[in-house]
Amino acid sequence: MAAERPNSRATTTETPPLLEVREIDAAYGKVQILHHTSLAIAPGEIVSIIGPNGAGKSTVLKAV
């Protein structure tokens, strides 16, 4: 029988997130980089933001 993994979503509903960002937008000049971007990080979670060059990873961190 496989071991059950804890549901990280259950953790986020039981305790408030350490960090929560809702619907941020960011642009460089007229170029929209982030469109209604949201994220929530629960206590104990390990999170990484991955993607290709120019995807907005650094922009998310700068906006936070």
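1. Helices (DSSP runs of H or I, at least four residues) and strands (E, at least two) are numbered here from the N terminus. The structure is a predicted model, in which local features need pLDDT of at least 70 and side-chain atom pairs count only at pLDDT 80 or more, while totals for chains, interfaces and linings use all residues. Residues are numbered from 1 along each chain as its sequence is written, and side-chain values use heavy atoms, with hydrogens and water left out.

2. On confidence, the mean pLDDT (the predictor's confidence in each residue, from 0 to 100) of the protein is 84, with 80% of its residues at 70 or more. Where pLDDT is low, the predicted coordinates should not be read in detail.

3. Leu-39 belongs to strand β2 (residues 31-41) and, at 25% relative accessibility, counts as partly exposed, a class that lies between buried (under 20% relative accessible area) and exposed (over 50%), with a 1.4 Å probe and protein chains only. Leaving aside neighbours within four places in sequence, Leu-39 is in contact with Leu-19, Glu-20, Val-21 and Val-60, contact meaning heavy atoms within 4.5 Å. The C-alpha atoms of Leu-39 and Pro-17, 22 residues apart along the chain, are separated by 9.8 Å.

4. Two residues that are not glycine deserve a check of their backbone angles: Glu-23, in strand β1, has a positive phi of about 45°, and His-36, in strand β2, has a positive phi of about 50°. Glu-23 is exposed, with a relative accessible area of 55%, and His-36 is exposed at 54%.
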